[in-house]
Amino acid sequence: MLKMNEPIDVVNGVGKKYLTKLENLGIKTVGDFLYHLPHRYDDFSEFKKIDQIRIGETITVQGRVTNVKTSQAWKRRMTITEAYIEDDTGNIKATWFNTPAPLRYLREGKAIRLSGKISVDKKQEAFFSHPNFEFIPVSALQREQEETIIQVDDDDSYNTGIMAPVYHETAGLKSFWFRRIMKDLLPQVEINDFIPNDILESQNLIDLPTALQHIHFPRNQEEAELAKKRFAFEKIFLIQLKTLLLKKDWQQKSAPPIPFNEDFIKAFVKSLPFTLTNSQKKCTWQIIKDLEKPQPMNRLLEGDVGTGKTVVSAIATLSVVNQLYQAALLTPTEVLAVQHYKGLRKFFRKLDFTIAILTRSEVHCAPANQPSKKITRKKLLEKLAQGKIDLLIGTHAIIQKDVIFKNLGLIIIDEQHRFGVRQRAHLQQETLQKEKEKKEIPHLLSMTATPIPRTLSLAAFGNLDLSIIDEFPAGRKKIITKVIKPQGRVQIYQFIKQSVQQGRQVFIIFPLVTETSKISEVKAATEEHQRLQKEIFPEFKLGLLHGKMKPAEKNKIMQNFKNKKLDILVSTSVVEVGVDIPNATIMIIEGAERFGLAQLHQFRGRVGRGKHQSYCFLFTSDNVANTTARLRVLEKTNDGFKISEADLKLRGPGQFMGTAQSGIPDIAMESLSDVKTIQQARQEAQRVLEFDPKLKKLPALKAELEKLDALIHNE
Ligand code: ADP
Ligand code: MG
């Protein structure tokens, strides 16, 4: 018997030339190979006699081979093999291109089984185009009765007559190949389930050996479903275990308790130009309570764009700084760091504590009640180490090795969803390192404007406590949103002209679709900027902002826009993140149909921040009815949670967290929309840890968890 952790090259048929290809798919061991799960099936389980065949159906027939013919196709080097298959009711032609190797054994008189879709040729005759095939013993055909088809060697077939698994392929590794190896390999491996039996029983799940058999070679739809259910549960269960362990781990560490200085905080809140919403108050209070504890806070503050998360984090900062601890505010972009630096200095302008910003191009430091001053990075680091800086704001430039705080009490991560798992893990490790040196670790507050559906946040951020701001500051007007088809553009351009003449400003966004399209996105935005400036809005000042610009350049343009030196800002998705320009009241999103609702909602959040009525126009480049229907959800509601729930139903969970982002594999992703699985997995995980907190009695489970860790850290 083979073991799951043996290297894959011990398997028959996996020669040297396959190893790199397999590695590209993340397959190094026998276990990895078995866990290369199919993402769908070709259902060939319906058998028919040849005279019953209908064009267009996907079926299996078996019979004798007659008339084999191999010829050179019109294109050189392409061979075509043609043969007729005959059963006791009739015959049918089959053709194969680029003759697959095992077809060499195709001879007249042999018995064969074909599975595939029935096409129709130029003469209007039904035929099999490139069907799957397997040779079968001739004796099997002889035993066949008139009406009943004997499905011979059923357990040996992997390519025809079954629900054939379809795998993610990479050059040179076809599903066909996977099926063959998998079929051979499965019975040779010693498979032990790492999920305890009682959990399998209480959750009605099949065990691992059965699940692997069923997921690769299900005999019917039910078996496939049972297997999927098991694998989805398994992954979510592991993730829950991991997050619960992380949470416990975190709670066992110590952090500086920050007593609540009621008078001081109240005075600050009073000094604000607005009153806090109830949601803001509630969240602030939850944070204050966390900070009072001698264990580090680990809280996620979730609130739609514009709900006012910054001021909540400012109050937390204030509490910490007032106790003479330092605070750090981490942002995903430089633009956002600069905005926070300015905004927070304004909030704190009557106070004398020192705020600094550190990014690649911006290094400033000054007490909040004095004008901001440029300093050198070196000087800043000195001050920081001496504890002379109370709040440091910056991009991940502030979590580098040489950035040493004297006594960091609070880390705030803004727009945390923009940081990858790895960056977050890195941050945590950094903190742990600090812990080794000093024993106490800082409190951690993460903020996100992506209203992740409750189930998802439980699944992905189960180790965090959650605070939700679910109301907007009073007086905020609803953003009027309209889906605009190509023929509607002219009218909108007209509307923009009027608005700009009245002093408003406009965003026109060409958002990023994938990382690889970054260059074409820049090109599109650049060209469109020129076109709009020349042909549509010659009388206005248009700015261009894109990801290929240097941070300093970007800042300058954002500042020009903020200071109204620009009327219209044409931009790639770089403005997505938390920028605050209250006078910008129109948001145009080009190619809106390519985006998830939640993402569009994020873009839209850039407007609607001031006292004027704001608009969002979703430009679509086609007239397809159902894309428009999908986008209309945004016309109807401004509620981020409703939108993300709708999006979850329409597009699945992937967009809230890519696989890479969360470390959650495809198959589990699907079931993330299923609240029940998540809750049950969490309960079971809790139960396991209650009885066996260190998983001492469950070494297999423990090993599996460690594998998951490795997966996430190596992503
Ligand atoms: P986000 O949650 O998107 O980070 P911000 O913190 O940037 O939102 O707040 C958006 C705007 O709303 C800011 O200009 C902020 O000063 C303002 N704001 C925050 N809270 C309130 C409130 N309670 N009443 C009125 N305006 C508020
Ligand atoms: Mg913000």
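Let's start inside the fold: strand S20 (residues 505-510) and strand S23 (residues 584-589) run parallel and are joined by five bridges. Strands here are DSSP runs of E with at least two residues, helices are runs of H or I with at least four, and both are numbered from the N terminus. The model is predicted, so local features need pLDDT of at least 70 and side-chain atom pairs count only at pLDDT 80 or more, while totals for chains, interfaces and linings use all residues. Residues are numbered from 1 along each chain as its sequence is written, chains are lettered from A and ligands numbered from 1 in the order written, and side-chain values use heavy atoms, leaving out hydrogens and water.

**The parallel sheet**

- Ile509 stands opposite Ile589 in S23.
- S20 and S23 belong to an open sheet of six strands with parallel pairing, in the order S19-S24-S23-S20-S22-S21; two strands pair if DSSP finds at least two bridges between them.
- Strand S19 (480-484) and strand S21 (542-545) are the edges, and each has a single partner strand, so one side of each lacks a neighbour in the sheet.
- From one strand to the next, the twist averages 15°.
- Helix H15 (residues 489-501) lies across S19, S20, strand S22 (568-572), S23 and strand S24 (615-619), at about 155° to S24. Contact means heavy atoms within 4.5 Å, and angles run from 0 to 180 degrees between N-to-C directions of axes fitted to C-alpha atoms, for helices over the stretch in contact.

**The mixed sheet**

- Eight strands make an open sheet with mixed pairing, ordered S14-S13-S15-S12-S16-S17-S11-S18.
- At its edges stand strand S14 (363-367) and strand S18 (465-469), each with a single partner strand, so one side of each has no neighbour in the sheet.
- Strand S13 (residues 354-358) pairs with S14 in the antiparallel sense over five bridges, and Ala356 has Cys365 in S14 as its bridge partner.
- Helix H10 (residues 309-322) lies across several strands, including strand S11 (298-303) and strand S16 (408-413), and runs at about 170° to S16.

**Around ligand 1**

- Ligand 1 is surrounded by 16 residues, each with a heavy atom within 4 Å of it; the closest are Thr275, Gln280, Gly306, Lys309 and Thr310.
- This shell divides into four nonpolar, seven polar and five charged residues, with Gly counted as polar.
- A polar side-chain atom of Gln280 lies 2.9 Å from a nitrogen atom of ligand 1, a polar contact being a pair of N or O atoms within 3.5 Å.
- An oxygen atom of ligand 1 is 2.6 Å from a side-chain N or O atom of Thr310.

Definitions and conventions
A polar contact is a pair of N or O atoms within 3.5 Å; within protein, one must be able to donate a hydrogen and the other to accept it, and residues adjacent in sequence count only if both atoms are side-chain atoms.
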